[in-house]
Amino acid sequence: MSALSGKVQTVLGLVDPDQLGRTMTHEHLVMGFECSYTPPPPGDEAVAENPFQMQHMHWLRQNPYSCRENLFLSQELSALRDELLAYRKAGGGTIVENTTTGIDRDLPALRQLAKETGVHIIAGAGYYIDSTHTEATRKMSVEKLTDSIVSEVLHGADGTDIRCGVIGEIGTCWPITESEKKVLRATANAQAQLGCPVIIHPGRDPAAPAEVVRILQESGGDINKTVMSHLDRTIFDEGELLEFANMGSYLEYDLFGTEMLNYPFNLKVDMPSDSQRVKTLAFLVKEGYEDKILVAHDIHTKNRLTKFGGHGYSHILKNIVPKMLTRGIAQHQVDKILIDNPKRWLTFK
Ligand SMILES: CCC(=O)NCCS(=O)(=O)O
């Protein structure tokens, strides 16, 4: 049995799982998302250059990736401190901050935020999607990638002694690239060694989550300890959703607060509203998956912070939970989604 067994690893060290409380399992606090910059629609260039004004807030919600300045959460440490204090006040206890290599992970900043606010913060190990892999990463063998991920959990990452408590979000596209497949195999190997939680960012195709699970399984990954993120923009057909749910991973609806008409990363996708997300959660609960559901906001742009008129990290606790209760999800099931399921997932075997 390792020293991590039965514990959760935060940026301030190991904690007892009972200390976590209500947990958002997929957020970003300090990151950069320049890799996803999308040019503004023709004619909107001037707005994109000068976005943070009241009259541009709706535009920013519809076009969050078309304004470079919006993509640097890392510039907002003071606002993030206020957000986390508000999150605690709203009843939140823990945030999984799954920024990985490729999107500007900043572990010292996370440690500082955890110290200043009392929110438990759990950092992510591993690599984001292919377009952010360096040449050095692409050349690494599965064994070397495994060693690097294991080291980020056991010893610390980015030249610090701050240890990651989950692997992920591990980025994958559709189709999954060769470099991403190597990272997935390394993730499974590392998970087999460490007995740790894993979280995956799937490509934007209904077939993507199952393909990732198959690759992880082939390499000895523990699917019962793996979260499939972003299902709200990935699987829409109820039959396909149940088929995927049957594979055994946690099912994460983590884009609460995101409402946009034209989803620039896949124009075929109709991004659901929060009401539609709650409806899908109620469906999964009715079908018996209440022990597998996780929720979050996946905040990764500035406009979603309350400082810029956004919903902030407390939106689920303040607005979505009451809605869930009116749509057939009982309080004890809400507690499973917010407390028990995250705790089980995050505890090292
Ligand atoms: C780094 C944040 C991230 O990857 N978010 C996912 C956004 S989306 O693919 O679901 O649009």
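1. Helices and strands in this note are DSSP runs, numbered from the N terminus; a helix needs at least four residues, a strand at least two. The model is predicted.

2. Start with the backbone at His-230. This residue is not a glycine, yet its phi is positive, at about 55 degrees. His-230 is placed in the loop between strand S8 (226-228) and helix H9 (238-245). Most residues other than glycine have a negative phi, and most peptide bonds are trans.

3. Two cis peptide bonds deserve a look. One runs from Gly-168 to Glu-169, with omega near 20 degrees. Glu-169 belongs to strand S6, residues 166-171. Another runs from Trp-174 to Pro-175, with omega near -5 degrees. Pro-175 is in the loop between S6 and helix H7 (178-194).

4. Which side chains place a polar atom by an oxygen atom of the ligand? Tyr-263 is one of them: an N or O atom of its side chain is 2.6 Å from a ligand oxygen. His-201 is another, with a polar side-chain atom 3.3 Å from an oxygen atom of the ligand. Asp-298 faces a nitrogen atom of the ligand instead, and the distance from its polar side-chain atom is 2.8 Å. How much of the ligand does the protein bury? The protein buries 99% of the 330 Å² that the ligand exposes when taken alone.

5. Now the charge pairs. Side chains of opposite charge can pair when their charged atoms come close. Over the whole structure, 19 salt bridges are found. Among them is the pair Glu-34 and Arg-68, whose closest N and O atoms are 3.4 Å apart. What does this pair link? The two residues tie together distant parts of the chain, 34 residues apart. Glu-34 is in the loop between strand S3 (22-27) and helix H1 (45-49). Arg-68 is in the loop between helix H2 (57-62) and helix H3 (77-89).

Key. Residues numbered from 1 in each chain as written. Predicted model: local features only at pLDDT ≥ 70, side-chain atom pairs only at ≥ 80, totals over all residues. Heavy atoms only, no water. Polar contact = N/O pair within 3.5 Å; in protein donor to acceptor, adjacent residues only side chain to side chain. Areas by Shrake-Rupley, 256 points an atom, 1.4 Å probe, with all protein chains shown as cover. Salt bridge = Lys/Arg side-chain N within 4 Å of Asp/Glu carboxyl O.
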